[in-house]
Amino acid sequence: MGQRIFNLVLGLLIAAVLAMPIALIAFIILVVEGRPVLFVSERMAEPLRGFQLYKFRTMHVAANEAGVSGGDKQSRITKTGAFLRRYRLDELPQIWNVLRGDINLVGPRPPLREYVEAYPKIYAQVLKSKPGITGLASLHFHKHEEWLLSSCTTPEETDDVYRRRCIKRKARIDLIYQNNHSLCFDLNLMAKTLLRRP
């Protein structure tokens with residue numbers, strides 16, 4: 001309960017500060033790229049419970065959107081989307097997920113259902129911590145993951161590399177967070193996220 005109150009109170013403060021920037025970004029996407037403004041994707045909060053995660057849309061719409069982002073999707077990234085991704089601004093709408101209680105401000109990144117179902121033992125452990133907007137694995141593995149996936153040219157290759165070279169390594173980092181979780185640790189990770197270079 002204490003952690004929920006912390007995330008709700010701080011989430012409300014952050015939402016108040018970000019309300020105008022979020023509205024401005026939404027307006028720019030609408031004018032420059034058109035609808036939809038948001039990209040909505042199912043993610044898992046628990047091994048058997050999914051939710052809808054909100055981001056600003058950064059790619060041209062595809063009929064069958066699936067899987068993680070790799071080099072195979074690079075050509076679909078819009079000019080506006082590239083800027084948003086560089087500064088992680090595409091993730092600002094996730095503050096709504098925090099207020100709804102889907103995720104915390106800090107925790108493991110919420111995985112796609114297909115990977116939770118494929119690796120139940122791994123995610124049964126990882127998802128003992130509520131997922132978050134940022135976290136230890138996000139800070140220490142995100143850029144390496146992007147590098148690994150950037151050279152993939154097909155959805156199948158992206159999926160294969162993600163399964164072989166990312167899932168277990170991210171899980172190990174997420175479990176380090178889980179074993180050392182505290183309010184001070186969360187605040188430290190949030191500060192590092194804000195200070196992180198693009």
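Residues are numbered from 1 along each chain as its sequence is written. Local features of this predicted model need pLDDT of at least 70 and side-chain atom pairs count only at pLDDT 80 or more, whereas totals for chains, interfaces and linings use all residues; side-chain values use heavy atoms, without hydrogens and water.

Tyr-115 contacts (heavy atoms within 4.5 Å) Val-68, Tyr-123, Asp-159, Tyr-162, Arg-163 and Ile-167, residues up to four places away in sequence being excluded.

The axes of helix 6 (residues 136-150) and helix 7 (residues 155-165) come within 10 Å and cross at roughly 140 degrees, with axes fitted to C-alpha atoms over the stretch in contact and angles running from 0 to 180 degrees between N-to-C directions. The two helices, helix 6 and helix 7, are therefore oblique to each other; angles under 35 degrees count as roughly parallel, over 145 as roughly antiparallel, 65 to 115 as roughly perpendicular and the rest as oblique. Phe-141, Glu-145, Leu-148 and Leu-149 of helix 6 form the contact with Thr-158, Val-161, Tyr-162 and Arg-165 of helix 7.

Helix 1 (residues 2-32) packs against helix 9 (residues 183-195) at about 25 degrees, the axes lying 12 Å apart. Helix 1 is thus roughly parallel to helix 9.

How values were computed
Helices (H or I, at least four residues) and strands (E, at least two) are DSSP runs, numbered from the N terminus.
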